[in-house]
Amino acid sequence: MSDSTNSSRRKFIKTTTAAGTTAAVAGFPHIGRSEIGSSNTIKIGLIGCGGRGTGAANQALAADKNVKLWAMADAFPEKIDSPLETLSAKYGKERVEVPKARQFIGMDAYKQLAESEVDVVLMATPPGYRPMMLRAAIEAGKHVFAEKPMAIDMAGIHHLMETAKIATEKKLAIQHGYCWRYSPANRVGFGKALGGELGRITSFVGTYLGGTVRALAPEAVKPEGMGDVEWQLRHWINFEWLSGGPLLEQCIHAVDKLAWAMGDVAPVAAFGNGGRGQRRDAGNVYDNYSITYEYPDNVFCQIQQRQYKDSFNENVSRIICENGTLIGPWKVSIKDAKGKTTWRYRAEKGVEQNMYQTCHNEFFANLRAGKIVNSAEFMARSTALGILGREAAHTGQRITWDDLWASKEDQAPDNPPLDAKMPIPAPPIPGIDKLVQA
Amino acid sequence: MRYLLPAALGAAFSAAFLAWAAEKPAGDPAEAAPPAKAPARFANTTPTPVAYPLPSMNRMFVSKKIHAAVAAKGGSSAPGEMKDYEEVVPRAGNAKYKLAAIKGGEFLIGSPDTEPDREEDEGPQRKVKIEPFWIGQTEIPWQLYKPFYENGIARNKDGTLLAASAKAVITVKGKNRAKALKDALARGDHNNVVDVVSQPTPQYHDMFLSGELPSDLNYPAMCTTHHATSKFCQWLTAQTGHFYRLPTEAEWEYACRAGTTTAYSFGDDVDKLDDYAWHGYNADATYHPVASKKPNAWGLYDMHGNVAEWVLDGFSAGYRKSLKDGALNPWHIPVTRYPRIVKGGSWDSEKEECRSASRLHSVNDWKDTDPQVPKSIWYHTDGQHIGFRIVRPLKTPSAEEMHLYWNTDWWEPKRNSEDL
């Protein structure tokens, strides 16, 4: 590690001014060859204006100086003003031009936005809606950035696979939000392991053990007069049909790193455990999972997920190889068989390290260059890997990859109105609940 | 409304300011005026007096309650009677934290042009006066910080109690009363000022990299924002009755130097740094338990290295030029969230960045892996090298001054633009 200290982030910290973190975008060609390049300005529309959606819009605006935020959509009217003000303050009225007429509100807002004059749609809505919203955007002929995960059930996955084909026919780009795939540090690290530098990859252990995430309070009940769907949507992370549960909603990052480490090949099967260890609220998602994934050539991998208070936390991926372990995603490094650190990633000075930003930089650079990257199928498969583990835990069975793809599980109607009745199913019970077939 | 605030705050607030503060009604916090707007441009130099309104006035009632508790507890104000002591922290299971008494005095802040590897912004050197204070002998360890960030109470994003009103709950009568009371406590007890202090909301994921970095109770707290550390001071004050805040840069450097004028508190010989500090070349890419190296002459550990420590001051490269010799308790008051100063260097630092006069500053890259806008006000996702320690000035300040020390992050009420 002695050679690494001169290019460390500490020097970077010292030399970067507070405002000096702008992405390296000046070099992008402004005249592209795809349909997007016919005009200098790319109009983007944001569906889902929460914290992550606003973050994505910010990254899109930073990625390319001729990107303009043109329209916004959210189920709830009060979600628009604050992000609009924030983004306007940073980028100015010229680049954030969303008059009332292009602020779409309600359950069909996504459709109105998709069919408006935007070129690119950014989606950061609860994943239960993703297949439907992605289809609408593709049918309207828009390029899409979609946050992870892509669906919460197999019906959604099958729907996505069809959308992927339509997008290919229409030459539309779909950029995924599995952000770690864009992390410069992890690209180098995973590249080392996958390139065979440490010998054969024998296993992968990924953890996402953290605290509670916007969990309902134990005593929380639906306010008088509010519809079932509205209440559940306002607390979407707590409900299976909206979030898919924490293995999909949050730990899908660890699951996707598993897929990455395995070279994105199909697994054989999965089995595992899960339950509600601390949760006592009205929602129906589990708060812990422990899944064993079986891969060809007798490779067994492990994913652990937990959202507990006052417990040990860890968010680490370990690619275990014959001659060492590649550790990520935060402090990307290699440990030898004795546990000694033999290599550590050091950021190259001045090179963008923020993976959320590199994701959007590459998205818009590709669009400018007329390079259409459609990652919908890849995303669907990575999400399905999460569903495989979740269903194994929910049913208590060993579920094969083929069994899973035969399933047509559909947890909810596509777009119920806010005042619709939506009873909350009890959390699944292993041994009793079965994988939904046909 | 504008009024004058002398930059040397230790001296006194202007009469105009105190009169203004006194005429503000306590009132219902929910009905209080919204946070005052920061001025478009702030001269940001001391000791030049500057006009600006106080931040976060709708939370002044909390600071006033705490000030009253500190005043009621009283204590010595004679410099000659100051002693080292152990603070007992009830919310941390009565854990103890040692503070060293530091006599007032004069010292040369900054480094001379001749000091190797120094940065331009460390000068010119100025002779400044510091009034007596106590300072933590160690960086604040997880033992004290965990009960603060894992407070287990439902809160809004700004850390205020989630429940709008305690009254709605405690009016419940009959057999449901016990449960209602329990639920109210889970939301936070409005009658307990320690709960009322704004405190961190849960992390979205483990930012402390617990798998790769230890989180044992004797390691220093890290990944803390400047705002979170200021609120920690308020939280600690509320439960101990002693006024705590972050040190100013001048106080920090005065304590670090411990009477020396050399590059390090142990002299100029950088080869000795390993005895006193965890830095980028001996720390094996991690932080270490507090006080596992030698202390300086005043008994303070890890002033060089381990985690870099927040101070109250905002950063500007030219600040020292505007500082005058003889300034009393100088404080470069920050009105923006970035950049602010961290002192002492860290386990991730070059050796020269651990010098007494060295000053690094915050950048928004420290929140790179926070995907949301606005970003968390409590955690630096990429600040595993950032921590803090606390001071208690001998003179107890006014409620308004306390409020200011604990709320400099709220000059700009919008939480967004700087973090984007």
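**Salt bridges in a predicted model**

User: Is Asp228(A) buried or exposed?

Analyst: Burial is judged from relative accessible area (buried is under 20%, exposed over 50%, partly exposed in between, with a 1.4 Å probe and protein chains only). This is a predicted model in which local features need pLDDT of at least 70 and side-chain atom pairs pLDDT 80 or more, while totals for chains, interfaces and linings use all residues, and side-chain values use heavy atoms, without hydrogens and water. Residues are numbered from 1 along each chain as its sequence is written, with chains lettered from A and ligands numbered from 1 in the order in which they are written. With a relative accessible area of 16%, Asp228(A) is buried.

User: Which residue forms a salt bridge with Asp228(A)?

Analyst: A salt bridge here is a side-chain nitrogen of Lys or Arg within 4 Å of a carboxyl oxygen of Asp or Glu. The partner of Asp228(A) has its closest N and O atoms 3.7 Å apart from it, and is Lys222(A).

User: How many residues apart in sequence are the parts that Arg91(B) and Asp195(B) tie together?

Analyst: Arg91(B) and Asp195(B) form a salt bridge, with the closest N and O atoms 2.9 Å apart. Helices (H or I, at least four residues) and strands (E, at least two) are DSSP runs, numbered from the N terminus. Arg91(B) sits in the loop between β3 and β4 of chain B and Asp195(B) in helix α6, so the parts they tie together are apart in sequence by 104 residues.
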